[in-house]
Amino acid sequence: MRKTTTLIAAALLLAGCGHQEAAQQSQTDQSFESKLEQQLLDAKPGSVIDIPAGHYSLKRGLSLRTDGVTIRGAGMDKTVLSFKGQVVGPEGLLVNANDFTIENLAIEDTMGDALKINQGKNITIHGVRVEWTGGPSSTNGAYGLYPVKTQNTLIEDSVVIGASDAGIYVGQSNNIVVRRNRAEQNVAGIEIENSVNADVYDNTATKNTGGILVFNMPNLSQAGHASRVFHNKVVANNTANFAKKGAAVASVPAGSGVVINSNDKVEIFDNDISDSQTASIIISSYFSTNYYNTRGVAADYNPYPKGIFVYGNRITGGGDSPDGLKLKTLKTAVYGLSGKFPDVLWDGYADPKDLVNGLPPADDRICLQDVNGVINADGPNEYKNPSTDMKPFQCTLPKLPPVVLNPEPKV
Amino acid sequence: MPMKMWMRGLMLLALVCLTACHRGMDPVTFHDDGYPPKLGDWHVVEARDGTLQLNNGVVPYELNTPLFTDYAHKLRTIWMPKGVSAKYNPTETFDFPVGTIISKTFFYPLPKGEARNATDVARTYDTSRDFAGQGLNLNNVHLVETRLLVRRKEGWVAIPYVWNADQTEAILARTGDVQALTLVSDNGQRENFNYVVPDQSQCVSCHAHDWTTRALQPIGPKARHLNRDYHYPDGDENELTYLTQVGYLTGAPAPTDAPRNANWMDQKAPLDARARAYLDINCGHCHNPKGAANTTGLTLDINTPEDRHIGFCKPPTAAGQGTGDHMFDIVPGHPDDSILPYRLSSTEPGTMMPEIGRSTVHQEGVALIKAWIAAQPGDCVVLH
């Protein structure tokens with residue numbers, strides 16, 4: 001008897017080593033999963049896959065490759081696809097199709113990204129909740145809603161909680177509207193990366209590490225520019241960074257409201273930004289991420305943010321407890337122990353090729369209006385000579401046109 | 001001279017027939033529509049009289065370096081209708097005619113000295129009990145699945161079949177399958193894992209080289225993978241030569257003039273060639289300039305230059321938790337600081353690479369890639 005127990009224990013130990021055990025799945029869940037997979041396989045342009053209310057446990061990532069399909073649930077709290085115990089990924093749902101709409105359902109606890117749409121045009125994500133139910137953890141999946149290489153993309157009325165990278169992440173896409181969403185307890189709430197023409201408005205980003213990010217990474221298919229971030233509520237994004245090192249957002253200090261990194265032509269206006277303990281608005285270059293090296297970064301990559309226009313925001317609090325030793329030291333050195341950073345923190349990297357009398361050309365400048373000040377951290381000189389001079393930032397830039405989705409999504 | 005060649009062709013045809021003819025097997029049937037419910041409906045490979053048999057004209061082949069699939073062994077075959085042939089291409093998948101059927105049967109030798117049971121399979125590189133032209137002795141193996149790639153008028157279609165418990169027939173499994181199996185090593189070590197049969201949509205994940213057109217392509221039948229010898233029933237021959245001789249391939253140069261990937265296990269081949277062959281077949285179908293992973297800026301196919309494109313000092317793009325706290329895809333000289341081997345060593349669905357197609361770690365493959373990275377000179381100097 002005793003021997004048997006030992007044997008079983010040993011078998012269990014062996015079984016548990018270094019791999020995922022098959023998840024417990026009820027008969028109902030199993031037949032739901034295979035029915036849904038079959039529906040996705042058999043979908044034709046124009047198909048609507050209705051998923052009734054219910055909590056469904058899935059163990060395999062789903063995928064769709066047919067144009068013109070709609071996946072519709074009964075509500076983001078009523079139709080729940082749970083991937084807890086998922087054995088095959090990588091995503092919850094991977095879509096490689098045009099004219100795709102998903103609405104009114106929830107995707108929970110995926111091992112990797114929750115919803116990835118890789119290559120497609122006319123994408124609508126409406127009323128979708130993505131959540132890692134255990135709260136922030138570096139073992140959560142990376143991205144919540146993740147369209148990449150898409151055109152004409154709308155993400156609205158959705159909620160993302162707990163992503164270990166970005167909650168809503170639009171990458172290498174063109175013509176994008178992200179509106180009326182809630183991003184909470186992610187490393188990055190909303191991130192627009194290497195994308196062209198994005199409007200991000202009426203969203204709430206709170207309790208993330210960084211609220212709303214507009215980034216450009218090297219080595220990718222296109223450089224991003226022309227994003228407008230406006231009329232959002234960016235509130236107390238002070239959650240400790242829980243991304244794995246190496247991820248682009250791992251360099252974002254906790255307590256960041258809106259962050260621009262290496263992106264061009266970005267307009268930030270009419271937002272309510274409050275209680276961002278590092279800074280309400282951070283404007284930075286790729287040098288500050290600690291990834292820049294000539295061997296691994298394309299020579300034509302532009303690491304400098306150019307043409308950034310900040311105006312008409314309502315900024316309160318923040319800057320009082322920056323994340324990381326470097327920034328803490330900087331704050332104390334310039335503003336004293338009980339002082340705080342002003343509304344805008346700039347890392348101080350400007351393209352030396354462009355400078356005329358110390359200033360970039362008019363269209364490439366960083367223009368700051370309606371802020372209580374700026375700190376130029378002097379990153380190129382290891383923060384040795386920070387400056388609080390507002391004069392280089394007193395300028396205006398031409399306003400960007402609104403993004404028009406064409407065709408207009410039908411929801 | 002033409003007469004001689006004609007005679008030679010006839011002789012070869014007779015030879016193919018002699019070795020592969022199976023009385024009682026209906027001719028191969030190409031279905032130009034739908035998804036036949038049983039593998040047997042195609043009459044390409046069938047389990048008969050305790051043997052997995054190949055039908056007339058069904059030609060087996062192997063790759064110089066194969067994709068890793070949880071230590072499964074694979075029997076690959078190709079069949080074409082009479083009078084048509086594939087066109088040779090030096091770099092891409094050959095241009096196959098409508099009617100082509102490619103099959104790949106995934107199986108495991110049974111653990112030595114163990115009675116057959118539903119779950120135990122051998123983890124071994126010993127191929128001595130595998131198909132050797134005469135058929136696969138079903139007493140020695142556990143058949144898991146047979147995947148068909150069928151070239152129809154509208155393009156390639158992938159159709160997965162899963163073998164039944166009796167090992168008599170494989171049944172259509174469009175939504176794939178998950179089977180709990182146990183790998184048993186020669187030294188008795190056991191590893192439980194989920195063998196995952198991909199669903200039809202996941203087939204596309206690897207077989208669509210171009211993520212925009214989404215057109216499926218076979219991966220293996222390229223010159224560089226097939227340029228090797230095979231032990232045919234009638235003797236050893238180069239696969240490109242053999243396929244040409246039986247009329248399945250036109251336009252191929254002499255094997256010496258065709259590209260050739262290394263065999264990743266060939267200790268005599270240069271480390272670089274072995275590692276690149278491994279990355280090519282295991283990663284290149286997504287990590288190529290048009291593939292699913294062209295969102296990442298990381299390309300791993302055989303044509304990639306050995307610079308940032310293959311990952312040297314390249315910051316990850318969207319690896320998320322897959323970085324494992326490492327800063328660059330490959331840090332030359334430092335495999336343990338590199339993301340690439342970290343992801344090859346993972347079995348977590350959100351971290352592992354390749355993303356699908358395996359549930360276990362390919363220890364020997366990881367060791368090869370680590371050795372290759374360790375041999376790379378230089379470093380990554382971060383600028384501030």
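Let me start with one pair of residues: in strand S9 of chain A, the bridge partner of A:Lys116 is A:Tyr146. Everything I say rests on a predicted model, in which local features need pLDDT of at least 70 and side-chain atom pairs count only at pLDDT 80 or more, while totals for chains, interfaces and linings use all residues. Residues are numbered from 1 along each chain as its sequence is written, chains are lettered from A, and ligands are numbered from 1, in the order in which they are written.

A word on terms, please. Helices (H or I, at least four residues) and strands (E, at least two) are DSSP runs, numbered from the N terminus, and two strands pair if DSSP finds at least two bridges between them.

Now to strand S8 of chain A, residues 115-131. Which strands does S8(A) pair with, and in which sense? S8(A) and S9(A), which spans residues 145-156, pair in the parallel sense over ten bridges, and A:Lys116 with A:Tyr146 is the example I began with. Strand S7 of chain A, residues 100-108, also pairs with S8(A) in the parallel sense, over eight bridges, and here A:Leu105 stands opposite A:Val128. S6(A) and S8(A) pair in the parallel sense over three bridges, with A:Ile117 in S8(A) as the bridge partner of A:Val95. Strand S10 of chain A, residues 159-161, runs parallel to S8(A) and is joined to it by three bridges, and in S10(A) the bridge partner of A:Glu131 is A:Ile161.

Is S8(A) mostly covered or mostly open? It is mostly covered, since 15 of its 17 residues are buried, where buried means that 20 or more other C-beta atoms lie within 10 Å of a residue's own, exposed means 12 or fewer, and partly exposed lies in between, with C-beta atoms placed from the backbone.

Stepping back to the whole of chain A, we find three helices and 28 strands. Of its 411 residues, 56% count as buried, and its C-alpha atoms fill a box of roughly 80 × 60 × 40 Å, taken along the principal axes.

How many residues of chain A are in contact with chain B? There are 52 of them, and they are in contact with 51 residues of chain B, where contact means that two C-beta atoms, placed from the backbone, lie within 7 Å. H2(A) gives the most, with five residues.

Let us move to chain B, and to strand S10 of chain B, residues 155-163, in which seven of the nine residues are buried. Strand S9 of chain B, residues 141-152, runs antiparallel to S10(B) and is joined to it by eight bridges, with B:Leu149 opposite B:Ala158, and a hairpin of two residues links S9(B) to S10(B). On to S11(B), residues 170-172, which pairs with S10(B) in the antiparallel sense over three bridges; in S11(B), B:Ile171 is the bridge partner of B:Val162. S10(B) and S11(B) form a hairpin with six residues between them, and B:Gln167 in that turn has a positive phi of about 60°.

Chain B also holds an open sheet of three strands in the order S1-S2-S8, with antiparallel pairing. Its edge strands, each pairing on one side only, are S1(B), residues 45-48, and S8(B), residues 136-137. Two bridges join S2(B), residues 51-54, to S8(B), and B:Leu52 has B:Leu136 as its bridge partner.

Finally, chain B is divided into domain 1 (2-257) and domain 2 (271-374), with bounds that come from an automatic or database domain assignment. The centres of these two domains of chain B, taken over C-alpha atoms, are separated by 27 Å, and 25 residues of domain 1 are in contact with 19 residues of domain 2. On the domain 1 side, the elements that give two or more residues are strand S13 (190-197), helix H2 (200-207) and helix H3 (223-226) of chain B, and S13(B) gives the most, with five residues.
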